[in-house]
Amino acid sequence: MAASYDYDDAAGYDDNGGGHRQEQQGQDQGYDPNFVPDSVKTFVVHLYRHIREKNVYEIHQMYEGSFQKLSDRMFKESPWPSVDAVAPYVDNDHVFCLLYREMWFRHLYARLSPTLRQRIDSWDNYCSLFQVVLHGVVNMQLPNQWLWDMVDEFVYQFQSFCQYRAKMKSKTEQEITLLRQYDQAWNVYGVLNYLQALVEKSMIIQILEQEKEGLEQFTATDGYDYNGGSNVLKVLGYFSMVGLLRVHCLLGDYHTGLKCLQPIDISQSGVYTSVIGSHITTIYHYGFANLMLRRYVEAIREFNKILLYIYKTKNFHQKSPQYEQILKKNEQMYALLAISLSLCPQVKLVEENVNSQLREKYGEKMIRMQRYDDEAYSMYDELFSYACPKFITPSAPIYEEPLVNYNQDAYRLQLKLFLYEVKQQQLLSGVRTFLKLYSTISLGKLATYMEVDEPTLRTILMTYKHKTHAVDSDGKIISNADVDFYINDDMLHVVESTSAKRYGDYFIRQIVKLEEMINDMDRVKLE
């Protein structure tokens, strides 16, 4: 079961305290936390049994299917029964109760609005659950989907709490007292420490290293342990690397985020691709971080791959609880691809199906973005604001001053930095135009055409070199330029990158069309 709400859209909640209390009163009316319907008794008893028997297939069916169906049928507008009410049916098992509460809170966040007290309780539950995984003996096998959802939801609830806390204007005295009292709840260091501890304790970085040498099997078994052991710590550690990437992107620290993901080779399939939500989240944040670090070619390459994958497989996920989320992220990544290609016009890196979808969605806007006038900036602003993560300010508010909302501060800062980069690219569009027209040209002549003197032209050309190169994750300087140059004796020589034409995709599409036509003709009964 993955929550069917927009993980990034914290603004979607009415995050003022009054809204929460009204919602809570709505929950309380007609909701008895101690009443356990027969279908819920059956559900928890069976789920508990399957977990004890390590029956991953049945756990997955109940988690993805039964929990969702029961939620739709019985708990659309109210929480599930409390953990104290279901505990007697599962031998008061401590670990099962922690898992049940994790699902309970996830359902609450998805269907209702959590109160501040519930946000704090959910943090406490995650702390207890991760403490058991880190320091206890966990003898379970859980589906990758559930383990991914735990990490994903943990980061989401942290982000949601930061957005909620930053809206100070409408907070009541009671809420401010609670925030002061529980200042460690959803503390940024606590969140980062748990994710980092899971990575380190699981030894996942060493496991992935040993796998390259053929000494370990992790990816081949999708992280599952077929020798009677547990996959929980290893897979949580693995997904925590993606969680760290996401948290650092929300904080605007893209370099550290990419460093955290480095042990995972995203040029290949891995455990991160075994869960569609994990696959999309990984590439979305990886691509966005590269875009912000001016590694446009890498961003374009990865967005192209994931968008092509979604294009081919999205029909298989129509009944999935994550389907809406897949479509939302798909649209956001097309917007990020449009930005990347406008700043670094390397269309040859984009597959034809993705390119045609891109032209359909953003063709006109991309033409306008090439002009670098006020309208172009408003387009960049619009697409960035739509597609960027919901940035957070992790620091606690200052309670003494007149209370102000600061939930938009981090976003405004990232937007300002991004648009500053776009403005710097304005000079380069003129240079690129001339470089595409000539194979060699004297600096004097180019300076005349561009209506600047020669020293200024040299500065512009140096800027072009600087802005079309970036430092990759290994510290090497890489080029993003579709047109490059070198200068020899006051003559500028243009080097245009050429790529081999790919005919395979075209032929494959034509073969598929021909097969469809033949099948249609076979169905026609000749009289």
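**Exercise 1.** At what angle do helix H6 and helix H7 pack, and how far apart are their axes?

*Solution.* Start with the source. This is a predicted model, where local features need pLDDT of at least 70, side-chain atom pairs count only at pLDDT 80 or more, and totals for chains, interfaces and linings use all residues. Residues are numbered from 1 along each chain as its sequence is written, and side-chain values use heavy atoms, with hydrogens and water left out.

Step 1. Locate the helices (DSSP runs of H or I, at least four residues, numbered from the N terminus). H6 covers residues 116-135 and H7 covers residues 144-166.

Step 2. Read the geometry. The angle is about 145° and the axes are 11 Å apart. Axes are lines fitted to C-alpha atoms over the stretch in contact; angles run from 0 to 180 degrees between N-to-C directions.

Step 3. Check the contact (heavy atoms within 4.5 Å). Trp123 and Phe130 are among the H6 residues that meet H7, whose side includes Phe154 and Phe161.

**Exercise 2.** Find how many disulfides the structure holds.

*Solution.* Step 1. Apply the cut-off: a pair of cysteine sulfur atoms within 2.5 Å. The count is zero.

Step 1. Inspect Cys127. Its nearest cysteine sulfur, that of Cys162, is 14 Å away.

Step 2. Compare burial (under 20% relative accessible area, 1.4 Å probe, protein chains only). Cys127 is buried at 14%. Cys162 is buried at 2%.

Methods:
Helices (H or I, at least four residues) and strands (E, at least two) are DSSP runs, numbered from the N terminus. Buried means under 20% relative accessible area, exposed over 50%, partly exposed in between (1.4 Å probe, protein chains only).
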